[in-house]
Amino acid sequence: MNTIADNCFRPGDLWPDDRGVHINAHGGGVLFHGGRYYWFGEHKIAGEAGNEAHVGVHVYWSADLYHWQDAGIALAVSDDHASPITRGCILERPKVIFNPSTQKFVMWFHLEPKGAGYTGALSGVAVADHITGPYRFLTCFRPNAGVWPENVPAAARLPLSPAEAAHVAGLDLPGGPLPYYPKHLLFRRDFAGGQMARDMALFVDDDGAAYHLYASEANGTLHISRLSDDFLEPAGHYVRIFPGRFHEAPAMFKQQGRYFLISSGCTGWAANPARISVAENIFGPWEELGNPCLGSGKQIATTFKSQSTFVLPVHGRAEAFIFMADRWNPQDAIDGRYVWLPIEFHHGVPMFGWHDRWELSFFDK
Ligand code: GAL
């Protein structure tokens, strides 16, 4: 085991921070700010208990992407049992963006209140004046209550009939009571109370507009939802994409004016094949292009034993993007590993293959 990081990426290996401790920032994302990269992610503890949040969101910073300094806990779970982020809740996939008008750092995350499994399907929001925190928890909710998706025709914007309501009662996870996925029912069921929101990402477009992407409708359908100008709440404009395709773990980026989305299938902690999708307009139409992994067999069937969490644009290099993924270890959550791989464009399609080790000079080619 290394105690100091090398001048290279070693996907799947232990990744020591500046103190020689394996980086603890799972389901993470990176924000480039003031000449440094900041990596935010779930701080996990040992054992299965680590699948719940006992500490909070950890942040590290780096100037070169290989060597990371521990900058502590950005958002701490609460000791107050009444807080939605009380210790023992599930707090996943935190992402941070900077709002230039308010000068605040805004964190969104997937939140499940303590003791209720994954039935909450809430989005949490926290804010800070300094990038490393402390972040102050603001609120949590199911997004877009009382708002219809923009790509649903007016004729379909209807509350459920009593018969439809009976069909979907209690259905909130795949594998629920119905033998099919009711893709025309769940967003209507959740219209009044807000849409379910689990795996999530944030994306800031070139024009400064920010978007929240989340796995909704019992994970079966992704939503892309515009944020308010201060990034603190939904702006009331959203679309449903890929209804019934069960995309999870969304990670969005933009290259040469086109929007790309890397995501996974829906198999919990177990790895499955990644998917790459493209759109000319962020609100669609979106097209699935297949599996972005280069290789064969188990490697591409499991996304190199990992699940997407973020696509990191390398600062100062127009065409350099890093696929960031988690190799989860739900039996010993703290030992989850990171799989970072360089994206290559083949006929305009982002793809990535396995490297035991690689360096940023990969992008010089
Ligand atoms: C995964 C998801 C993770 C976590 C896990 C729980 O599909 O991407 O963030 O929620 O399920 O089983």
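Which backbone oxygen lies 3.1 Å from a polar atom of the side chain of arginine 93? Select arginine 93 and serine 308: the backbone oxygen of serine 308 lies at that distance. A polar contact is a pair of N or O atoms within 3.5 Å; within protein, one must be able to donate a hydrogen and the other to accept it, and residues adjacent in sequence count only if both atoms are side-chain atoms.

The model on display is predicted, so local features need pLDDT of at least 70 and side-chain atom pairs count only at pLDDT 80 or more, while totals for chains, interfaces and linings use all residues. Residues are numbered from 1 along each chain as its sequence is written, and side-chain values use heavy atoms, with hydrogens and water left out.

**Around arginine 93**

Arginine 93 belongs to strand β5 (residues 90-99); strands (E, at least two residues) and helices (H or I, at least four) are DSSP runs, numbered from the N terminus. Its relative accessible area is 3%, so arginine 93 is buried (under 20% relative accessible area; exposed is over 50%, partly exposed in between, with a 1.4 Å probe and protein chains only). Residues in contact with arginine 93 include Glu42, Trp108, Phe109, Asp199 and Trp328, not counting residues up to four places away in sequence; contact means heavy atoms within 4.5 Å.

**Aromatic pairs**

Next, display the aromatic side chains. The structure holds 32 aromatic pairs. Rings of Phe, Tyr and Trp (its six-membered ring) pair if their centres lie within 6.5 Å; planes under 30 degrees apart count as stacked, over 60 as edge-to-face and the rest as tilted. Select phenylalanine 9 and tryptophan 15: their ring centres are 6.0 Å apart and their planes stand at 80°, so this pair is edge-to-face. Both phenylalanine 9 and tryptophan 15 are buried.

Move on to phenylalanine 109 and phenylalanine 137, a tilted pair with 6.4 Å from centre to centre and 40° between the planes. This pair links distant parts of the chain, 28 residues apart: phenylalanine 109 is in strand β6 (residues 104-112) and phenylalanine 137 in strand β8 (residues 136-141). Phenylalanine 109 has 0% relative accessibility and therefore counts as buried.

**The largest pocket**

Now show the surface. Rolling a probe the size of a water molecule over the atoms shows where empty space is left. On a 1 Å grid over the protein atoms alone, a pocket is an open set of points where a 1.4 Å probe fits, with protein on both sides within 12 Å along at least five of seven lines; lining residues have an atom within 4 Å of a point. The largest pocket is lined by 34 residues, and Leu31, Phe203, Val204, Phe310 and Pro313 lie nearest its centre. Strand β1 gives the most to this lining, with five residues.

**Backbone features**

Finally, display the backbone. Most residues other than glycine have a negative phi, and most peptide bonds are trans. The peptide bond from glycine 133 to proline 134 is cis, with omega near 10°, and proline 134 lies in the loop between β7 (122-128) and β8. Select glycine 284 and proline 285 for another cis peptide bond, again with omega near 10°.

The last stop is phenylalanine 304, in the loop between α3 (297-301) and β17. Phi of phenylalanine 304 is near 55°, a positive value in a residue other than glycine. At 3% relative accessibility, phenylalanine 304 counts as buried.
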